[in-house]
Amino acid sequence: MIKKFTTVLTIGGLLISLSGCQTHSQTQTLDDAGESLIALMEDMVTSEAYADLYDFPNAYADTAAKLREGDYKKPSAVYTLLVPENAALFGESIPDGLTASLDTYLHDAAFLAFSSRINQMQGVDALSASSMFAAQISFVGEEGVERTLYLYTFEDGYPIAVNFLPGEDGAVRAVGYFLLHEGLNTADADAIEESLEAIGFPGITAQKQ
């Protein structure tokens, strides 16, 4: 388990280190913050200057081209994905006896690993390419925000998963990833649940907003 979890943390760190980041000091709802993050990711995908900045390897060119073909201005639907607590590591478990801060850190890392694990199943190039277009923003959330996972679907484009992770003093971090797994069906809530189960993520409930 330690080896697998180390891999997850390494992947998560890679994605965040390469992602775009903005900070918003005003109080925002999760919906408003999600829209801001989606807009940032659309800018990243469509900007030739951004692509030149990171000098994407040729191996990612096909994935980048497919992303650019999408239209991410307005999602066709937004779903809340409810992940059971015992599925936080998707088959692995966080040990007992940890300090509160370490327990929170590991649960956040496991929660954040959802997207990277899905993309990893599509192949190393898809996983690496998705990291180039991962983005995050920080904002002040409304009272009582908990770990939350949104799935944005688009009529013409890849779905985007947004993880909301609460911090201290009302701070919330929103982290977004394109989901590049070709087996993920986002036609409706039932299709999302069934396809997630088929690729190894059972027990997740999709609720349309």
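Two exercises on a predicted model follow, each with a worked solution.

Residues are numbered from 1 along each chain as its sequence is written. In this predicted model local features need pLDDT of at least 70 and side-chain atom pairs count only at pLDDT 80 or more, while totals for chains, interfaces and linings use all residues; side-chain values use heavy atoms, with hydrogens and water left out.

**Exercise 1.** Work out what span helix H5 (residues 100-122) should have, and compare it with the distance between its end C-alpha atoms.

Solution.
1. Helices (H or I, at least four residues) and strands (E, at least two) are DSSP runs, numbered from the N terminus.
2. The expected span is 1.5 Å times one less than the number of residues.
3. H5 has 23 residues, so it should span 33 Å.
4. The end C-alpha atoms are 35 Å apart, which agrees.

**Exercise 2.** Decide whether strand S4 (residues 148-153) is enclosed or open, and state which strands pair with S4.

Solution.
1. Buried means under 20% relative accessible area, exposed over 50%, partly exposed in between (1.4 Å probe, protein chains only).
2. Six of the six residues of S4 are buried, so the strand is largely enclosed by the rest of the structure.
3. Thr148, Tyr150 and Tyr152 point one way, and Leu149, Leu151 and Thr153 the other way.
4. Two strands pair if DSSP finds at least two bridges between them.
5. Strand S2 (residues 77-82) pairs with S4 in the antiparallel sense over four bridges, and Ala77 stands opposite Thr153.
6. Strand S5 (residues 160-166) pairs with S4 in the antiparallel sense over five bridges, with Thr148 opposite Phe164.
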